Each structure stands twice: as structure tokens, then as C-alpha cells.
Amino acid sequence: MILDSKIPEGPIAEKWDKHKFDVKLVNPANKRKYEIIVVGTGLAGASAAATLGELGYNVKAFCFQDSPRRAHSIAAQGGINAAKNYQNDGDSVFRLFYDTVKGGDYRSREANVYRLAQVSVNIIDQCVAQGVPFARDYGGLLANRSFGGAQVSRTFYARGQTGQQLLLGAYSALNRQIAYGKVKMFPRTEMLDLVVVDGKARGIVVRNLITGQIESHSAHAVVLATGGYGNVFFLSTNAMGSNVTAAWRAHKKGALFANPCFTQIHPTCIPVSGEYQSKLTLMSESLRNDGRVWVPKTVEIAQRLRKGEITVNDIAEEDRDYYLERKYPAFGNLVPRDVASRNAKLVCDEGRGVGSSGLAVYLDFADAIKREGQPAIAAKYGNLFEMYAKITDENPYARPMRIYPAVHYTMGGLWVDYNLMTTVPGLYAAGECNFSDHGANRLGASALMQGLADGYFVLPYTIGDYLAKMPSDKVPTNHPAFLEAEQAVAAKNNKLLSINGTRTVDEFHKELGLIMWDYCGMARNAEGLTHAKQEIRKLRDEFWRNVKVTGVGEELNQTLERANRVADFFELGELMVDDALNRNESCGGHFREESQTPENEALRDDENYAYVAAWEFTGVGNEAILHKEDLEFENVKLTQRSYK
Amino acid sequence: MAGSNPNAKPMDLTLKVWRQKNRETAGQLVTYPMKGISPDMSFLEMLDVLNDDLSVRGEEPIAFDHDCREGICGMCSLFINGRAHGPERGTTTCQLHMRHFNDGDTITIEPWRAAAFPVHKDLVVDRSAFDRIQQAGGYISVNTGGVPDANEIPIPKIIADKAFDAATCIGCGACVAACKNASAILFVSAKVSQMSMLPQGKTERKTRVENMVAQMDIEGFGSCTNTGACAAECPVGISLENINMMRREFISAKATSENLA
Ligand SMILES: Cc1cc2nc3c(=O)[nH]c(=O)nc-3n(C[C@H](O)[C@H](O)[C@H](O)COP(=O)(O)OP(=O)(O)OC[C@H]3O[C@@H](n4cnc5c(N)ncnc54)[C@H](O)[C@@H]3O)c2cc1C
Ligand code: SF4
Ligand code: FES
């Protein structure tokens with residue numbers, strides 16, 4: 001298979017405009033003859049479905065929650081980037097492009113990233129027109145903050161609830177199309193297979209989560225906007241239901257999966273507190289704008305603290321190590337996420353971690369409160385402080401927060417070309433479920449931007465180009481390909497329900513998560529990865545022999561839903577390990593211990609690994625086949641990232 | 001440990017949980033004794049523990065809605081000891097921690113009760129009526145593209161902040177569950193006032209309020225008798241002011257209706 005990224009010719013700044021002119025258009029009167037399926041109604045899916053409906057296509061949209069408004073995008077806190085340069089601090093499309101490619105440690109495709117930076121400015125206009133109440137300055141104009149290591153203030157935000165407000169904006173646009181009858185919405189419906197007819201994506205098989213019924217839906221094109229797969233680690237900042245199933249089952253039907261090992265571990269999360277813990281809570285990294293990260297200077301002090309012999313306020317200023325400020329004077333607490341996370345792990349591995357487990361560092365606002373006063377800090381971060389207090393029962397105004405890195409985002413995903421089409425013609429992937437724009441590390445506030453860019457401004461053009469070249473005939477859902485897929489889905493469900501073993505789905509999921517975290521988490525090495533692969537296989541075999549899934553398939557059955565998702569995580573987990581093992585370099589969130597500088601910084605190997613690793617499925621338990629898309633950098637010079 | 005109180009002792013509890021097979025079948029409260037619950041657990045984690053036990057015993061776990069477990073998606077929806085989202089003010093079920101209960105407590109867990117929210121199974125209810133109300137007018141009619149620059153229309157900060165406050169409704173339905181009339185007015189008013197405050201939303205303000213209120217009535221929500229129970233139980237503090245604002249909007253819309261439908 002040859003991976004053709006279909007990057008348009010010409011200078012980078014002109015590619016997208018030229019492409020938009022070159023794409024074929026569907027005659028307005030013909031658009032209603034085409035059906036498009038959009039799976040997922042987070043930022044990427046809701047914006048795509050709404051816009052495609054506005055254009056006149058017939059859209060069917062699906063989500064597993066009870067309402068499209070509840071997609072995981074709702075939880076994003078910090079903000080959304082856009083190269084508006086409203087603050088006149090030197091931002092530009094090129095700078096956002098440059099920062100994103102560099103931040104991704106030079107493992108993303110230049111042309112896609114440039115387009116992302118270009119359309120970022122339209123996103124903000126669109127959201128404001130929809131009534132998204134972004135933060136404003138006293139003059140009534142939009143406010144910005146600097147976020148996640150950016151040296152310009154380009155992040156737009158709505159207090160600590162930016163994702164919520166953006167999603168509700170997209171949801172309102174979607175609702176308008178639902179009311180017009182252009183979008184038909186299927187909530188509480190889960191996609192369980194992709195249907196391919198004559199080599200093209202022509203529909204999906206779903207399970208109605210209330211009745212348990214297996215149903216087919218036919219279309220001319222299918223968009224997956226089903227989010228990321230961070231929950232393969234069990235504990236992550238993702239919502240409980242976030243999963244890889246839709247993307248994975250498409251992968252098994254021929255869509256290559258790219259860079260699966262590129263996972264983002266977010267530095268500022270509330271640490272794990274007990275075995276029963278079901279998820280981790282992110283504290284927005286906007287907190288690093290004012291909070292200072294530190295641990296005790298010595299192991300001894302840390303030990304006394306952990307034993308409860310002293311409290312944090314007993315530690316003298318000179319006994320505190322503000323390690324990010326010390327090691328990275330230029331960026332200080334604002335170094336990119338991967339660097340901040342790895343350093344937290346390093347100091348904890350040295351024995352200087354805090355909290356009773358020793359797996360935490362402090363995030364301290366004492367100086368900021370002294371400087372700006374408590375009301376000013378409360379105005380900026382009030383809801384985050386409240387959330388912290390609710391979970392930990394501690395007052396973060398009075399003593400520093402404890403934070404630790406947690407799995408947060410997955411840069412890998414379905415491989416897509418410039419048109420966001422996967423290797424299955426007619427199947428598109430948007431938002432976090434594709435691999436496209438963030439390389440090996442995503443910058444803060446860039447996922448929301450990418451989701452909305454894909455959905456509002458990219459897909460509506462590129463899908464039109466595909467449909468314009470295809471007849472509008474429909475494939476009936478009694479076509480053998482649909483029936484076969486329905487039977488396979490039903491068989492898998494029945495299999496899960498009939499095992500009747502002794503261990504619960506969650507037990508397996510937690511154990512898989514631990515393997516992933518220990519061997520394919522913040523630091524990876526060949527020996528550990530090889531071991532992990534065996535462990536995953538063993539556990540997967542046991543899962544299929546010994547899992548207990550109660551209830552029946554023909555009604556609401558949340559255990560069966562989870563079992564299906566965990567089954568796919570097992571297969572994905574192995575591929576992540578394969579990918580991490582293959583990539584014998586460190587880049588972004590992927591840190592191979594074999595490849596580091598003397599100062600323990602990530603060491604890239606551009607000579608051998610400046611490519612996208614796209615994997616082809618060959619059967620469970622078989623080795624996946626690696627395809628490479630070489631990355632060419634014509635506009636950004638590759639350098640070793642340095643935040644010193 | 002993240003949980004602050006190292007002395008917190010595990011608790012023994014008695015749960016009474018609503019079990020109902022499906023929409024058609026009658027339900028009942030079933031008693032489950034719980035042992036050794038950590039006060040640092042969240043309420044839903046406590047239910048996870050129970051569900052794991054039930055699974056192992058071959059009994060069907062309790063179905064309940066949840067997703068983000070961060071208090072933002074609005075999916076969790078338990079009526080705990082007679083209160084929507086339980087005893088803590090300003091807290092969703094998923095953000096409620098067991099430290100707010102005592103050893104030996106009996107805890108009754110029911111679904112939202114409202115004619116417009118029929119039970120799907122156990123603690124899971126159908127809130128699609130909320131979506132239909134939003135579809136009736138909870139939007140500003142703009143297509144993608146062709147909109148003015150975001151800074152073209154300045155919005156006074158105080159207005160933007162107020163609109164934001166109204167916009168933070170998570171659509172959980174606690175207001176309906178808390179209201180003896182099962183009125184949805186707080187939920188509807190939050191969207192109406194957000195949009196009528198913003199300059200972008202003013203063009204359609206009359207039709208919006210008329211259509212959303214009409215849909216609210218069609219869905220079978222009760223009428224508001226000003227008890228204020230909704231705002232008292234709203235986990236994100238949506239204020240009663242929104243209801244007053246919506247009433248004003250509604251009266252003025254009716255007086256000079258632009259609704260041609
Ligand atoms: C706590 C947190 C905070 C964040 N903060 C920020 C931030 O400040 N800025 C930023 O830029 N990014 C942030 N991110 C990242 C960002 O929120 C996500 O990457 C982004 O929202 C993903 O959007 P999406 O549309 O791709 O997918 P999602 O919002 O995850 O939506 C997935 C959709 O797919 C549906 N779905 C999934 N599987 C199936 C299936 N099999 N069948 C049917 N439907 C399915 C779901 O129902 C849902 O509708 C944050 C992430 C987290 C976890
Ligand atoms: S108004 Fe409050 S209680 Fe009602 S749905 Fe919105 S957030 Fe929930
Ligand atoms: S689970 Fe999302 S608000 Fe409770």
C-alpha cells in the first residue's frame with residue numbers, strides 16, 4: 001500500500017486556497033441525494049454534522065451519550081488557540097503553524113498544520129456569532145491568555161469551561177439542523193462496525209443502547225469523530241465512556257492506524273488516591289501561568305513530609321526546589337506538557353515526591369496570591385480551585401495543590417490524508433480520533449481548535465469533492481455486506497455474554513491499564529515493551545476465557561457496552577506497544593530511555609524516524625504491517641527542542 | 001493520599017436502590033448492605049464497587065448514567081435521600097464524595113422523577129425532552145462561514161459575564177427533579193436569557209422564547225409556582241433571575257409576536 005497524503009502543490013500559504021478552488025462541487029440541487037453519517041457529536045462531529053446539514057446534505061449523527069451535548073469535549077477547560085493577534089504581541093498564522101510543528105517535535109505534516117493555523121481565525125468568528133460567551137476585557141473586546149508554553153497570548157477562553165461553551169455552540173448549530181430535518185440524531189447509539197462495499201465506506205452497524213437492537217445505516221460517506229483512546233490506560237482524564245471502538249473497528253476494516261504510541265501525559269492532574277479510583281481529574285494547565293511547581297530539595301525532607309512529621313508550610317523557601325524554573329529559565333513553569341510531566345516523574349523517581357504515595361508535586365499559588373490578591377486569583381481560577389477542594393477536601397488557597405501527570409490526550413489515531421480521508425475511500429476521521437496535526441505532542445488549547453477546524457472548515461469542502469465524483473445510488477441495508485457485519489457484531493456480543501467467567505470487565509481493564517502505564521507510559525524501553533506485549537496477550541486471552549458479562553443483549557446493558565470497548569482496548573494496547581518499540585527515538589510524549597541527551601532530554605532521530613508510522617491490521621495476534629509516510633519539512637527548520 | 005483526612009475510617013452503609021427493568025415494568029427499592037466504604041471515594045465509585053460485587057455474584061449491576069465524572073457533562077442524575085444530586089449544594093452526583101455521609105447511614109437512591117423523564121432502566125431516565133426544547137429555538141441562526149470578525153461587535157464585560165453564567169447550565173435535569181411540579185423553567189430560562197442578552201441573539205429573541213416555551217409545554221413539564229427549589233438544587237448555581245428575565249421576554253414577545261407559525 002502506498003500512502004498518498006495528497007498534499008496540494010504550491011507554497012504552503014497557498015495550498016489550502018488552491019485546493020478549495022480545485023475541489024469538485026456538488027450541485028446544490030443534488031446535495032440532498034447524498035447521505036453522510038457522522039459518528040460522534042463532540043466538537044469535531046457536531047460542527048461537521050451541522051455544517052454538512054447547512055450545505056444541504058442529509059446527515060445522520062450518532063453518539064453514545066443520551067444527548068450530543070455531553071460529548072467529552074464538554075470537559076475541556078483551558079481554551080482554544082487562534083492566530084488572531086488581537087493582542088498585537090507578534091502572533092501570526094505562521095507563528096501558530098511554527099509553534100505547533102515545533103511543539104509536536106517535528107512529527108506532524110506541515111501542510112495540515114498550516115491549514116489548521118489558517119482556519120483558526122474563522123473558528124473564533126463562528127463561535128462568537130453563535131453566542132459563545134468568551135471572556136472579554138472591560139472594553140468589550142475578546143480577552144486572551146497565554147497557554148501551555150506559548151509566548152504569545154492567543155488563547156480564547158470562557159472561564160474554565162471553554163470546551164463546554166464551544167460544544168454548546170456547536171450543539172446549538174446541530175440542533176438547528178435537526179429542527180430543519182437535515183440532521184437526524186441518534187443518541188444512545190453505539191457504532192460497532194464499519195460497512196465497506198466495493199472498497200468504499202458505505203455505512204455502519206450500530207447497537208441501540210436502550211433496546212439492544214443491532215441496526216444498519218447506509219450512506220455515501222462516513223465520518224468518524226469519536227474522540228481519543230486515552231482510556232486504554234483505564235485511568236485518564238477522559239470521560240468514562242471515551243473509547244476506541246469505532247476507530248478500531250474501522251481499522252480492522254482497512255483503515256490504517258497512525259502513531260498509536262503518541263500519548264500525551266498531562267502534567268497537572270489530581271493524583272491517584274485509592275484503588276477504587278475510576279478516573280483522574282485534570283487541573284487546567286492555565287494554572288501554570290501563576291502557580292509555581294516545586295518539590296522538597298532533599299529526599300529527607302520529602303520523607304518527613306510523607307510521614308506527616310512536618311507539613312508543607314514548614315518547609316523553608318531555601319529547601320524548596322522549583323525545578324522547572326531552575327532547569328528551564330526561559331520557559332519556567334510554562335514548558336510544554338511532555339517536558340513538565342517527565343520532570344515530575346524524574347523528581348518523584350528520585351524520592352522527592354510529596355503526598356503519602358510520593359507520586360505528587362506541589363503547584364503553589366502563594367506568590368501569586370501575595371502579588372495579585374486572592375480575589376484576582378479566584379476570578380481567574382475559582383472553579384478549578386473549587387473542583388480541587390471538592391475532590392481532595394483541601395483548601396488550595398491556603399496550601400499548595402498536589403498534582404501528578406495523567407494520561408490526557410492521544411495524538412495518534414486513524415491515518416488521514418490532507419482531505420481527512422482514511423485509507424478506506426469514503427471514510428473520514430476528524431478531531432482527536434485522527435492523527436493529523438499534533439505530531440508527537442499536542443500544545444495546550446490546540447485540540448479544540450483542531451476539532452472545530454476539521455468539522456466546520458475542512459470536511460465540508462473535502463467530502464463534497466469525494467461525493468461530486470460518485471453516483472448518488474444508495475446501497476440498501478439488506479446488502480450482504482451489511483448483513484454480514486450485523487451478524488459479526490451480534491456474534492461478538494453473544495460471545496461476550498456467554499463466557500460467564502469469574503472476573504469483571506473493570507478488573508481486566510484496570511490490569512491492562514497498569515501494564516500500559518508501567519511500560520508504555522511516561523518512559524519506555526525495549527525490554528519493558530517486549531514484556532508488555534506478552535503480558536497484554538496473556539491477559540487478552542484470559543479476558544476472552546474468563547470475563548463475566550451479566551445480563552442480555554436485548555436491553556440496556558452497560559456491562560456489555562464496556563466489555564466491547566475493553567475488548568478493543570486489548571487489541572489497540574498491543575499495537576501501541578509495537579509502535580513504541582518500533583520508534584527507537586524519543587520525540588514529544590514518546591520517551592524512549594535508550595534515546596536521551598546527557599541532561600535526560602528527549603533525543604530525536606530525524607535521520608531514521610522522521611515518518612508517520614501507519615499500521616495495517618492483519619488479524620488479532622498477528623503482527624501488524626508498518627507503512628511509512630515520510631515527513632518533509634520545507635518551512636520549518638528541524639532543531640532539537642530547547643526550552644532552556 | 002489525595003483524600004485529605006488520614007483518620008477517615010471506612011464506613012458501613014445500607015443502600016436502597018431503585019431497580020426497574022425497563023420503561024414498561026414497575027420498579028421497586030432493593031436493599032444492599034455495603035461494607036468498608038472509604039470516605040474519599042466518590043458516590044459513583046461507591047456504586048462501581050457495588051456493581052463489581054453484583055457482577056461477580058452473577059446479578060445484574062445497577063444501571064446509572066454518568067460520563068465525565070467532573071461535574072460538567074450533566075449526565076449523572078441520581079436522586080439521593082430525597083435530593084437531586086444528594087446533600088451537598090452546588091455539587092453534581094459525580095462530584096459528591098462519601099465523606100459527606102456517616103458510618104451506619106441508610107442511603108436511598110432513586111432516578112429523577114418526572115412525567116417528562118420516563119425511566120429507561122434502574123436509575124437511567126430519558127431526558128430527550130431537553131434536547132427537543134433546545135431544537136425548538138435554542139440557537140442563533142448563523143451558518144458556518146460568512147460571519148463578521150469576532151471583535152466587530154464589542155460586548156460589555158458585565159453582559160458577557162452574565163450571559164456566561166446563564167450558559168453554564170449542564171442540562172442535567174436536577175431542577176426538574178427537585179421541583180414538585182416537575183417544571184423545566186430554570187433550564188429553559190438559562191438558554192433564553194443567555195441568548196437574549198447577547199447582541200447576536202437579539203434578532204430572534206421573540207420567536208425563540210415563544211417556541212421554546214411552547215415545546216416545554218408540549219413535553220409535559222409542569223408549571224412554575226415560584227418555589228425556588230430548582231435553583232436551590234442546581235449544581236452550577238443557575239439563578240432564579242433567569243426565570244424573571246424569561247418571563248419578561250415572553251410577555252413582550254407575546255405582545256408583539258413575530259411568530260408567524
Ligand atoms: C479534561 C480535559 C480537558 C481538556 N482541555 C482542553 C483545552 O483546554 N483545550 C484543548 O484544546 N483541548 C483540551 N482537551 C482535549 C479536547 O477536549 C479533546 O481532544 C477534544 O474535545 C476531542 O473532541 P472530539 O470531537 O474529537 O471528540 P469527543 O468530544 O471525545 O467526542 C467523541 C464523540 O464520539 C462519540 N462516540 C465515540 N465512540 C462512539 C461509538 N462507537 N459510537 C457512537 N458514538 C461514539 C461520543 O458519543 C462523542 O459524541 C481536554 C481534554 C480533557 C480530557
Ligand atoms: S438549570 Fe441547573 S439543574 Fe437545571 S438542567 Fe441546568 S444545570 Fe441542571
Ligand atoms: S458525570 Fe458528568 S456531570 Fe456527573
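Which elements of chain B each supply at least two residues of the shell around ligand 2? They are α4 (174-178) and α5 of chain B, where helices (H or I, at least four residues) and strands (E, at least two) are DSSP runs numbered from the N terminus. The model described here is predicted, with local features requiring pLDDT of at least 70, side-chain atom pairs counting only at pLDDT 80 or more, and totals for chains, interfaces and linings using all residues. Residues are numbered from 1 along each chain as its sequence is written, chains are lettered from A and ligands numbered from 1 in the order in which they are written, and side-chain values use heavy atoms, with hydrogens and water left out.

The shell around ligand 2 has 14 residues, a residue being near a molecule or strand if one of its heavy atoms lies within 4 Å of it. Those that come nearest are C169(B), C172(B), G173(B), C175(B) and C234(B). By class, 12 residues of this shell are nonpolar, two are polar and none is charged. In this classification Ala, Val, Leu, Ile, Met, Phe, Trp, Tyr, Cys and Pro count as nonpolar, Asp, Glu, Lys and Arg as charged, and the others, Gly among them, as polar.

A polar backbone atom of M191(A) is 2.8 Å from a nitrogen atom of ligand 1. For G79(A), the distance from a polar backbone atom to a nitrogen atom of the ligand is 2.9 Å. An oxygen atom of ligand 1 lies 3.4 Å from a backbone N or O atom of A225(A). A polar contact is a pair of N or O atoms within 3.5 Å; within protein, one must be able to donate a hydrogen and the other to accept it, and residues adjacent in sequence count only if both atoms are side-chain atoms.

Between the chains, 76 residues of chain B are in contact with 80 residues of chain A, contact meaning heavy atoms within 4.5 Å. The two chains bury about 6,700 Å² between them, and 50% of this is on carbon and sulfur atoms. Buried area is the accessible area (1.4 Å probe) that two parts lose on being put together, summed over both. Eight salt bridges are found across the interface of chain B and chain A, a salt bridge being a side-chain nitrogen of Lys or Arg within 4 Å of a carboxyl oxygen of Asp or Glu. The side chains of K279(A) and E70(B) form a salt bridge, at 3.0 Å from N to O.

Chain A is divided into domain 1 (265-408) and domain 2 (487-630), with bounds that come from an automatic or database domain assignment. The centres of these two domains, taken over C-alpha atoms, are separated by 30 Å. Contacts join 12 residues of domain 1 of chain A to 11 residues of domain 2 of chain A. About 910 Å² is buried between the two domains, 64% of it on carbon and sulfur atoms. In domain 1 of chain A, I265(A), R342(A) and K345(A) lose the most area to domain 2, together 52% of what that side buries. Zero salt bridges are found across this interface, and two residue pairs are in polar contact (both at pLDDT 80 or more). The elements giving two or more residues to the side of domain 1 that touches domain 2 are α10 (337-349) and β15 (401-410) of chain A. Of these, α10(A) gives the most, with five residues.

Chain B is divided into domain 1 (11-120) and domain 2 (127-255). Their centres, taken over C-alpha atoms, are 29 Å apart. In chain B, 21 residues of domain 1 are in contact with 19 residues of domain 2, and the two domains bury about 1,400 Å² between them, 59% of it on carbon and sulfur atoms. Two salt bridges are found across the interface of these domains. D65(B) forms a salt bridge with R127(B), with the closest N and O atoms 3.7 Å apart.
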